[in-house]
Every structure is written in structure tokens, then in C-alpha cells.
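Open the model in your viewer and keep the selection tool at hand. Each stop below says what to pick and what is there.

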Amino acid sequence: MTIDHLFFPSDVIMAWIFTAVSIPVVTYLILKYRKMPLIWEYLTTTNHRKIGTLYLLFGFLYFLRAGLDALFMRIQLALPENNFWVFQSDKYNELFTTHGTIMIFFVAMPMLLGLMNVAVPLQIGARDMAFPFMNALGFWLFFSGAALFNMAFLLDDAPNAGWTAYTPLSTNTYTSGQGNDYYVFGLQVSGLGTTFTAINLLVTIIRHRAPGMKLKRMPLFPWATLVTGVLIIVAFPVLTVALYLLMFDRLFGTQFFSGPEGSPVFWQHLFWIFGHPEVYILALPAFGIFSDIISTFSRKKIFGYNSMVIALCLIGFLGFMVWAHHMFTVGLGPMANTFFAITTMMIAIPTGIKVFNWLFTMRNGVIRITIPMLFALGFIPTFVMGGVTGVMLSVAAADFQFHDTYFVVAHFHYVIIGSTVLGIFAGIYYWYPKITGKILDRTLGKWHFWLFLIGFHLTFFPMHLMGLNGMPRRVYTYNRGSDLFELNFISTIGAFLMGAGMLFFAWNLFKTHRSAQIVSNDPWGGRSLEWAVSSPSPEHPFEEKVPVVERRDSFWYSMQEQGKTEETEHRRPGPIAVKTIQPFIIAMLMMPLCIGLIYGWWWLAVMSGILLLGMFFVRMMTDERKQLYLSQGGG
Amino acid sequence: MQGAEALFEDKRLGFFLYLGVETVMFATLFATYLIYTPSSLGAHPSEVFTAWAVILASVFLLSSSGTLILAERGMEKKELKTVLAGIVFTLLLALLFMIIEIYEFYEYVHHGHGLTANNFLSSFYVLVGLHAAHVFFGILWMAALLFLYTTKPPHGYLQEKLKTFSYYWHFVDVVWIFIFLIVYAPYIF
């Protein structure tokens with residue numbers, strides 16, 4: 001321990017001051033407005049809408065946090081040979097690592113899972129998610145993993161090996177602090193939560209659909225969720241094992257990914273066998289959201305429903321056969337590169353089908369330009385541009401030029417922001433009545449949309465050109481006179497426009513919360529069953545009766561023809577609602593367990609492990625199903 | 001009975017999906033083992049493995065699936081004595097398996113074949129160790145089931161709990177068969 005270790009850099013001190021100030025302020029506000037019962041309600045809830053709301057809320061907070069990382073990076077890169085604050089060399093490595101990891105795992109994933117939680121059960125006429133207890137557990141595990149990951153920054157030891165944590169850089173030989181251990185355990189814990197939620201969504205969709213809601217009558221968001229769920233349960237365990245092996249390399253001295261026998265390329269294979277399906281795990285739900293929105297606001301059924309479903313399945317299937325296109329420059333040989341180049345190009349076919357189907361859905365439709373529809377209209381050209389650069393990157397020979405340049409950065413921001421982030425915003429504006437009972441303000445929504453979209457293109461379009469000019473990604477500076485200054489400066493301006501757009505969104509949330517009126521069941525003239533229940537959706541939707549489903553978009557047709565829906569009874573029992581703090585406790589116990597492992601405090605790890613097993617036992621003894629059997633006469 | 005049965009079907013589907021997740025995890029670890037075995041450095045698997053311990057452990061674990069089936073039969077026929085005997089014997093066999101496995105690991109480490117000796121041994125321990133952790137968890141699960149048994153729960157409820165456990169336990173056994181065939185068999189016969 002030298003004197004250097006006692007001083008934190010000023011950004012970390014700022015974070016500590018911010019934390020130290022905000023904790024008493026928030027506590028004071030909670031006490032002043034008597035919000036303790038509300039917080040307790042959300043800590044113990046197993047209701048799908050409330051858990052979805054929690055996912056969206058914390059996803060949004062992490063969006064702000066990782067967005068701040070992005071702004072710091074853009075300021076550092078605004079001028080050549082710049083020295084902004086502390087963000088050079090290793091600090092810059094921490095910036096892009098936390099930005100990428102948080103945006104993927106703690107923003108995009110939870111916000112999509114949140115929208116699925118809110119909308120999917122209602123869209124298929126289910127009374128809740130199949131396993132309410134596990135639903136809460138899935139959320140709190142995400143919460144716990146994300147908190148763990150972010151703790152590292154406060155200890156001035158943020159992960160710094162990139163969101164892909166390539167070995168051997170991420171082994172303890174080259175990154176010897178604890179930062180990347182936090183990466184390993186944070187992702188492991190939140191990944192467990194994601195897996196649980198995926199299983200939950202799959203069982204809900206397969207077994208809890210309303211009478212008559214055949215798979216071929218489901219709206220496309222539940223369809224996208226179904227395919228995404230399958231991708232999650234196949235892809236995430238591979239990440240689990242990759243992290244498990246990396247944990248052994250970092251903590252217990254094995255050499256899977258480095259050393260005389262270990263293979264750094266093996267990590268890349270494992271990571272991308274997970275990582276590429278992950279891209280579709282992020283994109284497919286957005287496709288589903290846009291399909292529903294475009295259909296609703298064109299007053300037309302979706303064009304080519306069958307081909308939409310087949311395209312979703314094909315994209316999901318092909319998603320597992322393209323991982324090595326991230327590794328063209330590793331030297332896997334011409335055969336492997338050719339194979340993965342072709343499969344990658346093939347994905348453009350089902351994706352193209354979807355794009356044309358969206359366009360044909362709008363053709364001759366009665367289009368209403370609402371805020372969700374605006375985002376959908378912004379999505380199509382943006383995403384197509386990302387798709388086109390994707391096909392350019394899939395040409396293995398050309399990729400040797402593009403690889404690890406800003407061209408790649410431009411490409412994946414066009415696809416991920418273009419589909420996932422715009423999709424999340426569209427979904428929030430669209431389903432906000434089901435979440436809170438209110439509609440977000442239209443004028444502020446327009447400001448949000450236009451600032452964000454223009455800012456986005458201003459930020460990321462120049463990156464294509466920077467990349468072609470040879471600017472490498474993940475480097476904190478560039479030389480004067482390298483023809484990169486103007487492009488970078490424009491890009492930084494764009495980033496601040498996106499930030500301004502987000503301020504309008506935050507203001508919109510606040511303003512709507514303060515003023516707007518509760519709306520009717522169906523404020524948009526929707527086509528699927530979520531619009532049959534009140535806004536916000538009730539604690540126990542469809543408990544007595546559920547609308548009859550006789551065809552696709554049945555709700556819309558019966559509203560058009562009769563102004564109301566015929567109702568029928570469920571043919572099976574619904575999930576049992578419970579209020580319990582157990583999921584929260586189980587997830588929180590993961591934190592001391594992981595910290596014990598990270599620092600080698602074995603007593604802490606063992607104690608938390610025992611408590612965790614004890615909680616499983618408590619869960620077994622307090623299972624709500626026991627009451628069900630008792631009420632059925634002990635059978 | 002209708003209500004509880006439908007909900008149990010949900011649970012069964014969810015649990016099978018979860019076992020699918022486990023399958024992918026173990027498959028990835030088997031791939032890791034195959035990639036790094038035999039190692040170019042240090043001990044060769046045929047110098048490390050103790051055939052009799054592996055075979056004995058296999059006999060104990062595989063027969064524990066049989067005793068568990070006995071318990072399930074008892075559950076269907078509502079013969080609670082058979083259920084109790086089935087779970088207790090399964091638990092004992094699992095404990096015997098664990099003892100042999102701990103002995104086996106201890107012997108290997110004692111002869112310098114530890115976790116970090118070479119990549120064959122590293123991938124051996126992370127795979128077989130994870131399986132052993134599953135057996136250990138299964139033992140605790142059975143102990144909890146025995147406790148539940150003593151509280152005289154509704155029959156259907158106990159049956160549901162036993163069924164869920166049996167899916168897990170048979171799955172752990174199947175993984176062991178693959179461990180036997182892929183990890184041990186090529187080097188001990």
C-alpha cells in the first residue's frame with residue numbers, strides 16, 4: 001500500500017460526494033412524502049406490471065449512468081490530443097468498458113424484459129407470468145448483479161478490459177485489480193436472473209394463452225418474445241460457462257485462456273457463441289414492438305404475418321451460426337471465414353423480408369403519426385443503414401480493413417440504437433397507459449424523438465468515415481492533422497443533442513406524472529388484448545373473464561363490429577399471486593457471496609452461501625401451492 | 001385436483017427448460033475438456049484416474065436413480081413407507097458417491113495432480129467438480145424433502161416436490177453417464 005493508493009481520482013471522489021449527498025436527500029424525500037409503504041409494496045410484489053415497471057425504471061437509471069460515460073468519451077475525443085479531466089489511457093479503458101457492459105446488460109436487456117413483463121401476459125390474455133415468485137427473483141437478481149458491477153467504480157477499480165473482456169487482457173496477469181472480477185460476478189448474477197425470466201416468459205406464452213389464442217393468432221411481440229426466450233436459454237449458459245472458466249483463471253490460478261496451453265481464441269469462441277445470439281436477443285423484441293405499433297397506427301393488420309413469424313425464427317436460428325464473423329482477423333482460415341461470411345449475409349434475407357413487410361403494412365394504411373409511430377418511422381431507415389454496413393462487414397476480406405475501427409462502432413450503434421433503443425422508447429410511449437394509466441406528452445415526445453434521432457445520426461454517421469480513415473476504436477486520442485478532428489467534433493455535438501433529447505424525455509416523465517389524466521382502456525385504437533383491460537392494467541387482469549379470441553387481432557375486429565368484446569372463462573387456473581420479500585433477500589445474498597469470492601474472504605462467501613441455501617429451504621416450506629392442495633381436500 | 005395439476009404442468013415445463021439450460025452448460029464444459037485433453041504438458045489422464053474408484057462411484061450413483069424410482073412408485077401407490085425408504089436409500093447412495101469422489105480428488109491432489117497442474121486437470125476439475133456440486137445440492141434437497149415428509153403435507157404436494165426432485169436427480173445421473181463415457185472411459189479401459 002503506497003501513498004498513491006490512498007488517493008482516489010477526482011471522478012471517483014465526485015461519485016462518492018454525489019452518493020453521500022443523494023442518499024440523505026432521497027431518504028428525506030421518501031420520509032417526507034411517506035413513500036415507505038410504496039417501496040415495501042414494490043419490494044414484495046410479484047405482479048408482472050410492477051416488476052416490469054421496476055425493470056424499466058432501473059434500466060433507465062443505468063441508461064443515464066452509461067450515457068454519461070458516452071458523453072465523457074465524446075468530450076475526450078472532441079479535440080485532437082485532448083486531455084479532458086482524468087479520462088485518458090486506463091481511465092478511458094474503464095469508460096468504454098462500463099459504457100458497453102452497462103448499455104448491453106443493464107439497460108437494453110432489462111428494459112426489453114420490462115416491456116415483455118408489462119405487455120406480453122396481457123397481449124395473450126394471461127392473468128400473470130407463469131411463475132410470479134421467480135419473476136420477482138429474476139428482477140432482483142438483475143438488480144443485485146448490476147449493483148455489484150457498479151460498485152467497482154466507487155472503489156476506483158472499474159472493469160477495464162472492454163465489454164467483451166477478451167483474454168489474455170482480462171486474465172489477472174494483465175488486469176490484476178479486482179475490477180474485472182466485478183465484471184465476471186456482476187454478469188453471472190444478472191445472467192442468472194435473465195435466464196429465469198426467459199424460462200418464465202416461455203412457459204407463460206406456451207401454457208397461459210387465453211382460450212382461442214392459438215400460436216398463429218398471437219400478436220408479433222409475444223412471438224418475438226417466444227423466439228428471444230429460446231435464444232436466451234441456449235445462449236446465456238454458454239456465457240455462464242465462459243465466465244465460470246474466466247473466474248477460475250482469475251481467482252484460482254488455472255490457465256484456460258492464457259499460458260502455454262490455454263487459448264485466448266477459445267474465450268472469443270465462447271463469448272461470441274453467446275454474444276452473437278445476444279445481438280438478436282436485443283433486436284428481435286424490438287422488431288416485435290415495431291410490428292405491433294406499425295400495424296396499430298396504420299389501422300391495418302400486419303402484412304405477411306406468416307412470413308414475419310418465419311423470419312423471426314430464421315433470424316433466431318441463423319443467429320447461432322454466425323459468431324465467428326467477429327473473429328475474421330483471428331486467422332481461422334479461408335474455409336471458416338467463407339462459411340461465416342455466407343451465413344452472415346443470409347441473415348439479411350429474413351431481415352429484409354421484415355423491413356418490406358413493415359413498409360407494405362403502412363401502404364394504403366390510415367397512418368396516424370403518434371410518438372410511438374414516429375419512433376417506428378425513424379427506426380426503419382436507421383436500422384436499414386446498420387444492416388447495410390453489416391453486410392459490408394460480413395465480407396471477410398474487406399473486414400480486415402474495417403476490423404476494430406470506428407466503422408464497426410458506427411455499425412453496431414446503428415443496429416443496436418436503431419432497433420433496440422428506438423424500440424424501447426417506442427414501447428414505453430406505446431404501453432405507458434398500461435404501466436401508469438397516462439399518456440406521455442406529445443409535444444415533449446416530439447422534442448425527444450427529433451433531438452435523439454438527429455443527434456444519433458450526427459454522432460454515428462461520421463464514425464463510418466473516421467473508421468474508413470483508419471481511426472481505431474477504444475483509443476483515447478488521435479493526432480493533430482490526421483483529418484479526424486472535424487468528424488470527431490461533429491460526432492461530439494451529436495452526442496450532446498442525444499443527451500438533450502433524453503432531458504426532454506425525463507421532463508416528459510415528470511410532467512406527465514404531475515398532470516395528465518388517466519386514460520380509457522384503449523387510447524390508441526389498439527388491436528390486441530392489452531387494450532381490453534383498464535389503464536393502468538389491474539393487479540389481477542382477466543381474473544373472471546377473458547375476451548373471446550376467434551381470429552388474429554380479434555379484439556380490434558370485435559370493437560369495430562360490435563363496439564365491445566364477447567367474453568369467456570379461462571379453461572385453466574391462473575398463477576397464484578403472492579406478496580413476499582424472499583426474492584429480494586435471495587438476490588441480495590448474492591452480493592456478499594460474490595464479494596467474499598472476489599476478495600478471498602472465504603468466511604463471508606461460506607456464510608452467505610449457507611444463508612442462501614437456507615433461503616431455498618424457507619422457500620420450500622412457505623410454498624403457496626401447499627395451500628392449494630389443502631383447499632382441494634388434501635387429495 | 002384440476003387446478004393444482006395444471007400448475008404443476010407449468011412447473012414441469014419450466015423445470016425441463018431449466019434442465020435444458022444446464023445441458024448447454026455441461027455440453028460447453030465437455031467441449032472444454034475435449035479441447036484440452038490430453039494435455040501437452042504434465043500428467044496424462046491414464047496416469048491420473050483410479051479405475052476402481054470411478055467404477056464404484058458410478059455403481060452408487062446409478063443405483064441411486066433406481067432407489068429414487070422406488071420412492072416415486074411408492075408415491076403413486078400411496079405407500080408412504082416405500083417413499084421414505086426410497087428417499088433414505090437414495091440419500092445414502094449419494095453420500096457414498098460423494099465420499100468416493102472426495103477421496104478420489106484428494107488422492108489426485110496428493111499425487112500432484114491438482115487443479116492448476118495442467119489444462120487437462122483444470123478442465124477435469126471444473127467439469128466433474130460442477131457435477132459433484134450438483135450431487136451435493138441434491139443431498140441437501142433430499143434432506144429438505146425428508147424434513148417436509150415429517151411435517152405430513154398433503155399427498156399431492158409431497159408428490160409434486162418429489163417429482164421435481166426426481167427430474168433433477170435423474171438428470172444429474174445422465175450427466176454422470178456422459179462424464180463416465182467421455183472423461184474417464186477412454187483412459188481407464
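Select Arg527(A) and Trp556(A): the arginine lies over the face of the tryptophan, 4.3 Å from the ring centre. A charge sits over a ring if NZ of Lys or CZ of Arg is within 6 Å of the ring centre and within 35 degrees of the ring normal. Next, pick Arg65(A), whose charged end sits over the ring of Phe153(A), 5.5 Å from its centre.

This is a predicted model: local features need pLDDT of at least 70, side-chain atom pairs count only at pLDDT 80 or more, and totals for chains, interfaces and linings use all residues. Residues are numbered from 1 along each chain as its sequence is written, chains are lettered from A and ligands numbered from 1 in the order in which they are written, and side-chain values use heavy atoms, with hydrogens and water left out.

Now the aromatic pairs. Rings of Phe, Tyr and Trp (its six-membered ring) pair if their centres lie within 6.5 Å; planes under 30 degrees apart count as stacked, over 60 as edge-to-face and the rest as tilted. The count comes to 99 aromatic pairs over all chains. Select Tyr429(A) and Phe505(A), a tilted pair at 5.8 Å centre to centre, with 50° between the planes. Tyr429(A) is in helix H13 and Phe505(A) in helix H15 of chain A, 76 residues apart. Helices are DSSP runs (H or I, at least four residues), numbered from the N terminus.

Move to Phe617(A) and Phe147(B), an edge-to-face pair: 5.4 Å centre to centre, 65° between the planes. Phe617(A) lies in helix H18 of chain A and Phe147(B) in helix H5 of chain B, so the pair joins two chains.
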